Amino acid sequence: MAYDTLIVEVSDHVALIKLNRPDALNALNSTLLSELAAALTEAQGNEKVRCIVLTGSEKAFAAGADVKEMSSKSFVDVFGGDLFTPETEAIGRVRKPIIAAVSGYALGGGCELAMMCDFIIASDTARFGQPEVNLGIVAGLGGTQRLTRLVGKSKAMDMNLTGRFMDAEEAERSGLVSRVVPAKKLMDTAMEAAQAIAVKSQLTTMAIKESVNRAEETTLREGLLFERRLFHAMFATGDQKEGMGAFLEKREAQFRDR
């Protein structure tokens, strides 16, 4: 499928999706969000894809939602049209792991989009922020909710109330990103991580994604029960037999997703 605002490549079981609005620093307009939801849905349904990497440019992952497109809208427009909801729900339905490879600015909607992914690998030039307060609005894609869960109330309040940016080092220290690498190594590192995931059992990686996400949405007791039942369920798969057999035989496992 051809896209106007994305570049999509599939190679070695990894779908690389690149945001491509260079003149607008990859600002998230309705076309980009719609195409991104479609591309991720397509990757979910593609049997050749086992992991997804989402990235932008060296200068900007995404510099926020498109203010030019939003500025003239009224409450009736955004509430009646449920702005952002269909696209973000489509992203949330993707069961395959998604890695965000972030360089440069990830602000507002860009920061929120990165947080929708399963983990973030950042370059040392990355800058994260929720500057919606400067526009007279509140974050609308998770900037007060996901960010608080990731970095805690104090830092989330600081970023949302002052609009200040968080650099890559602070983002890693705060738990927003999983690791920081030199800008020149960002894509190699992200693709290596994706390849490491792609060779695993897809049944297992999807179960892990569900279980970790459940931790944010339930009590510890219920989360532990959910995790244990998934652990038990894996013993019904051929991949569990292959994985444990390969370990005992000191060879590489050949998973078949069954």
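**Close-up views of a predicted model**

View 1. Ile99 has Phe119 as its bridge partner in strand 7, helices (H or I, at least four residues) and strands (E, at least two) being DSSP runs numbered from the N terminus. This is a predicted model, in which local features need pLDDT of at least 70 and side-chain atom pairs count only at pLDDT 80 or more, whereas totals for chains, interfaces and linings use all residues. Residues are numbered from 1 along each chain as its sequence is written, and side-chain values use heavy atoms, with hydrogens and water left out. Strand 5 and strand 7 (residues 119-123) run parallel and are joined by four bridges, where two strands pair if DSSP finds at least two bridges between them. Strand 3 (residues 51-55) is likewise parallel to strand 5, with four bridges, and Val53 has Ile99 as its bridge partner there.

**View 2. The covered side chains of strand 5.** Five of the five residues of strand 5 (residues 98-102) are buried, that is, under 20% relative accessible area with a 1.4 Å probe and protein chains only. In a regular strand the side chains alternate between the two faces of the sheet. Ile98, Ala100 and Val102 point one way from strand 5, while Ile99 and Ala101 point the other way, and all are buried.

View 3. Strand 8 and strand 9 run antiparallel and are joined by three bridges, and Arg127 has Asp167 as its bridge partner in strand 9.

**View 4. Ala246 in helix 12.** Ala246 lies in helix 12 (residues 238-248) and counts as buried because its relative accessibility is 1%. Leaving aside residues up to four places away in sequence, Ala246 touches Arg251, Glu252 and Ala253. The buried residues of helix 12 are Asp239, Gln240, Glu242, Gly245 and Ala246, and their cover includes helix 10 (202-215). Helix 12 is followed by Lys250, whose phi is positive, near 55 degrees.

Note on methods. Buried < 20%, exposed > 50% of the residue type's maximum accessible area, 1.4 Å probe, protein only. Contact = heavy atoms within 4.5 Å.
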